Amino acid sequence: MNQTVIGEPQHCSWDRVICILYCCVTVIQYITVSGGTRNVLLVFCIFTFTKLKEENFRAGEDGQLKIWSKSGMLRSTLAQQGTPVYSVAWAPDSGRVLYTSGRQLVIKPLQPSAKVLQWKAHDGVILKVDWSAVNDLILSGGEDCKYKVWDSYGRLLFSSSAHDYPVTSVAWAPDGELFAMGSFHTLRLCDKTGWSYSLEKPSTGSLFSLAWSADGTQLAGACGNGHVLFAHVVEQRWEWRNFEITLTKRRTMQVRNVLNDAVDVLEFRDRVIKASLAHGHLVVTTSLQCYVYSAKNWNTPLIFDLKEGTVSLIVQAERHFLLVDGAELFVYSYEGRLVSSPKSPGMRMDILSSQSISLSNDSIAIRDTSDERVVFLFEAQTGKAIGDGKPLIHKIEVVFVALDQCGPSNDRRIALIDKNRDLYLTSVRKLGRAHSIHKIGSMVDTMAWNDSANILCGIQDSRFTVWYYPSVVFVDKDLLPKTIFSRDSSEFSRPPQMVSYEGSQVTVRRVDGSLVRSAVSPYPSLLHEYTSSGRWEDALRICRFAKDQTLWSCLAGLAMANRELSTAEVAYAAIGEIDKVQYINFIKDLPSRDSCLAHMLLFSGHVQEAEATLLQANLNYHAIQIHINLYNWDRALELAVKYKTHVDTVLAHRQKFLQDFGKQETNKRFLQYSEGVEVDWEKIQAKIEMEFAMEREKAANSSVRSSVSIRR
């Protein structure tokens, strides 16, 4: 199809506003790039708008970078330099701008007092840059014939080998998962980590500019020979268990069962925008509808209409899935029923990525797009904020969030990787206690939860690491190092990307794009399965069979978390934790259920909750004794005075403590009460015996009442 268009300046809008000045189009070519892409549009004047502000930048060979209003009024001159500015790009928050300066890249904040970030990026003049609003990564290409990927702090993440000709164009796809690169007679489609999906050699001259369609399925390119090149992304693949699905055409998918080589073909009315395959279901969105297929039956999909038709992200859990459709977020069941639509004022849903949002059967975690330290937590069933509505606020920016997938909602955990690459674990639901966040790893590049057990794996400091029971930090912190499996990860190259962790198999994407699968011991998953169903004898049997200290440590933590003291005693004895075995025996000998519960909380380090449990049960002496044993003298005295009991007990233990260390009393409160209270160890011992006798009597009466109630 030949067509000539010459005349006034043309305007095109694909995902962002691109001004085409004096655009001359002579031939439109259609090229299908295997794995692929569709190319970009020609821009003679750098003139880019931000979505968040009614302003744009203009830059050129005069070395000036100017801010203009949308109506064409000059606002300010942001920068002036002696070298031409060949390319500019807005930051995701529109508070900074990235521009070229010879061989250097410069990030200039709009605030006058803010620090400018500048670094040498290429060995030749930089011709093109782009900044993704979704993944916050920077692309650059230059006359050194290389393209590079950077983070927003100027750290190099990927550098290509040298091409035959200068790199004249780069462009991120709207979802931040892909980018396109153009050069002389060259069009390349790449993953966000830098490796190449496909390479085409169209006879178009240099590709001077590239622009994606809003749905990320098409690409247009402005060519040096006056042509406009179009391309479409095809040959995408999704894998789950024994199924492999391929997008063969824009409206056609092929499903292949690798076990029996059976093939099904799925046809769609409109072109496929997004797809996801997990948990036994395939979710496909087109420009108008959403199709939900079950892996048990590929012939009868469930179909419902979309509100916006611009789905940018699909996230699946076992019971439901999540769609980011335009500026809204929707949770659907696999039967097509709208479950909820969580909302957070001021958050840009359209720039969420798989690393900034996570879904489980009962919870949703979303990292804030404006303040990356903040993580919002929602109920999946209602869309309302969890608990008191306050978000989780980390001390520094969070780059990756992931919810575990199994177990009851009250035990839901969320793992975070921050910009220092430290890995943290915390509870989603506080249940009356303060948010306790625990660091469980450092120098972590990537992570993934297991789909059938709450086991976490990741790449930590060039080591493949599996946390068999990461929640043990809430039960017994000392066990955490003993529940970790680690081995060399050189087979994955650096930096790898964790794709999935299903069953006992981990899938990792290497830096060259190849997939590597690694087996993990199946015993920890079996251990989680047995303990969650109360099969403690089977759990002990598997540990004795495997003869692995790591498994015994996991069982010890799981048993204490489920208050299975007999199993915990055996497991702690197997790993040589004799002091904890003795403490467990002490707990088992306590006369009342409340005191047992309090001491189990104390075993896990929850001192305030243990105290509250004892005070609620009117076991005031036990609450005081806890603080005496922990040398929390002020709190022990405070409780004794408040409840008017055992003040002499606190003073006696305090005096003995000071005598043992040869010190004099200096605390004014203890000096004050020492003057009016007589310390008699025989009376103190008698009162303690009375306290235990009263507790045993109360526990016995409670047991009798419970038995009578059951018989009735």
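Start with Asn-361. Leaving out residues up to four places away in sequence, Asn-361 touches Ala-317, Glu-318, Arg-319, His-320, Ala-380, Gln-381 and Gln-405. Contact here means heavy atoms within 4.5 Å.

Before going on, the ground rules. This is a predicted model: local features need pLDDT of at least 70, side-chain atom pairs count only at pLDDT 80 or more, and totals for chains, interfaces and linings use all residues. Residues are numbered from 1 along each chain as its sequence is written, and side-chain values use heavy atoms, with hydrogens and water left out.

Back to Asn-361. Where is it placed? Asn-361 sits in the loop between β36 (357-359) and β37 (363-367). Strands are DSSP runs of E, at least two residues; helices are runs of H or I, at least four; both are numbered from the N terminus. Is Asn-361 buried or exposed? Its relative accessibility is 7%, so Asn-361 counts as buried. The cut-offs: buried is under 20% relative accessible area, exposed is over 50%, and partly exposed is in between, with a 1.4 Å probe and protein chains only.

Now the whole protein. It has twelve helices and 50 strands. There are 712 residues, and 54% of them count as buried. Take the contacts with a separation of 6 or more: 43% of those come from residues 24 or more positions apart.

Next, strand β23, residues 228-233. Six of its six residues are buried, so β23 is largely enclosed by the rest of the structure. Both faces are covered. Val-228, Phe-230 and His-232 are on one side; Leu-229, Ala-231 and Val-233 are on the other. In a regular strand the side chains alternate between the two faces of the sheet.

What about its partner? Strand β22, residues 218-223, runs antiparallel to β23, with five bridges joining them. Two strands pair if DSSP finds at least two bridges between them. Gly-221 stands opposite Leu-229. Four residues lie between the strands of this hairpin, and Gly-226 takes a positive phi near 90°.

Axes are lines fitted to C-alpha atoms, for helices over the stretch in contact, and angles run from 0 to 180 degrees between N-to-C directions. Six bridges join β26 (252-257) to β27. Asn-257 has Ala-262 as its bridge partner.

The other sheet also has four strands, ordered β32-β33-β34-β35 and antiparallel. Here β32 (311-316) and β35 (338-340) are the edge strands, each with a single partner. Neighbouring strands are turned by 30° against each other on average, direction ignored. β34, residues 328-333, pairs with β35 over two bridges. Tyr-332 has Leu-338 as its bridge partner.

That is the tour. Over to you.
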